[in-house]
Amino acid sequence: MAEVTSAMVKELREKTGAGMMDCKKALLEAGGDMEKAVLWLREKGLATAGKKAGRSATEGAVGSYIHLGGKIGVLVEINCETDFTARNEKFLALVKDVAMQIAWSNPRWLRREDVPANVIAEETSIHRAQLLEQGKPEAMLDKIIPGKLEKFYKDNCLLEQAFFRDPDGKRSVQDEVNGENIQIRRYTRYALGEGLVKETKDFAAEVSAAVAAGKK
């Protein structure tokens with residue numbers, strides 16, 4: 001069976017509009033054959049979004065979510081094809097849910113293709129060192145590390161994260177926006193005080209200094 005790579009999954013997703021996990025499963029079922037994988041997705045009714053994937057998605061909405069009494073805030077832009085869809089309650093609920101997902105999970109990137117090559121190289125190096133420390137033979141590392149990277153993508157890439165409203169944790173954020181030409185374009189997450197250096201005060205020393213000053 002041919003190895004199923006992230007590049008193959010990405011290509012199949014672009015061809016069909018199906019979710020990442022569905023594309024991966026299709027490729028595994030098809031033994032890595034792209035055309036058979038496309039057929040598998042069509043037979044399962046998972047490739048219908050591909051008919052819309054090439055059309056322009058320039059409407060949509062910017063959603064927001066504020067959490068923890070103003071401690072965390074999120075802005076997200078989600079695009080769709082028509083103004084009618086953009087005003088639909090289901091679409092607006094999706095925008096709100098995605099903003100909540102971002103507030104909760106703090107994804108570092110939107111999709112795996114956005115992860116810098118140096119970050120992937122660093123993660124690979126760390127996992128390799130950890131596995132060797134655990135006594136894993138060198139020959140097994142190339143089989144184990146891809147699975148570790150898949151978990152890294154699921155933890156850090158918004159579209160691949162488990163959707164927080166799915167109690168079974170089987171549906172990803174990408175799965176939630178599938179079925180229509182809906183695209184999460186960009187987002188920003190703010191955390192109060194993030195990046196600032198907090199001044200720490202030694203109150204005992206301040207009291208002692210105040211007392212000493214009062215004796216002068």
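Nine bridges join strand β1 to strand β2 (residues 72-80), and the two strands run antiparallel. Strands here are DSSP runs of E with at least two residues, and helices are runs of H or I with at least four; both are numbered from the N terminus. Two strands pair if DSSP finds at least two bridges between them. Within this pairing, Ile 66 has Gly 73 of β2 as its bridge partner. The model is a predicted one: local features need pLDDT of at least 70, side-chain atom pairs count only at pLDDT 80 or more, and totals for chains, interfaces and linings use all residues. Residues are numbered from 1 along each chain as its sequence is written, and side-chain values use heavy atoms, with hydrogens and water left out.

The open sheet consists of three strands in the order β1-β2-β3, with antiparallel pairing. Its edge strands are β1 (59-67) and β3 (183-191), each of which pairs on one side only. From one strand to the next, the twist averages 10°. Helix α5 lies across β1, β2 and β3 and runs at about 140° to β2. Axes are lines fitted to C-alpha atoms, for helices over the stretch in contact (heavy atoms within 4.5 Å). Angles run from 0 to 180 degrees between N-to-C directions.

Gln 101 is found in helix α5. Its relative accessibility is 0%, so Gln 101 counts as buried. Buried means under 20% relative accessible area, exposed means over 50%, and partly exposed lies in between (1.4 Å probe, protein chains only). The side chain of Gln 101 makes a polar contact with the side chain of Gln 161, at 3.3 Å. Such a contact is a pair of N or O atoms within 3.5 Å; within protein, one must be able to donate a hydrogen and the other to accept it, and residues adjacent in sequence count only if both atoms are side-chain atoms. Beyond four places away in sequence, Gln 101 touches several residues, including Phe 163 and Phe 164.

A search of the whole structure finds four aromatic pairs. The ring centres of Trp 104 and Phe 164 are 6.5 Å apart and the planes are at 40°, so this pair is tilted. Rings of Phe, Tyr and Trp (its six-membered ring) pair if their centres lie within 6.5 Å; planes under 30 degrees apart count as stacked, over 60 as edge-to-face and the rest as tilted. Trp 104 is in α5 (residues 89-105), whereas Phe 164 is in the loop between α7 (138-156) and α8 (173-177), 60 residues apart. Trp 104 is exposed at 59% relative accessibility. Phe 163 is buried at 6%. Trp 104, Phe 163 and Phe 164 form one aromatic cluster.
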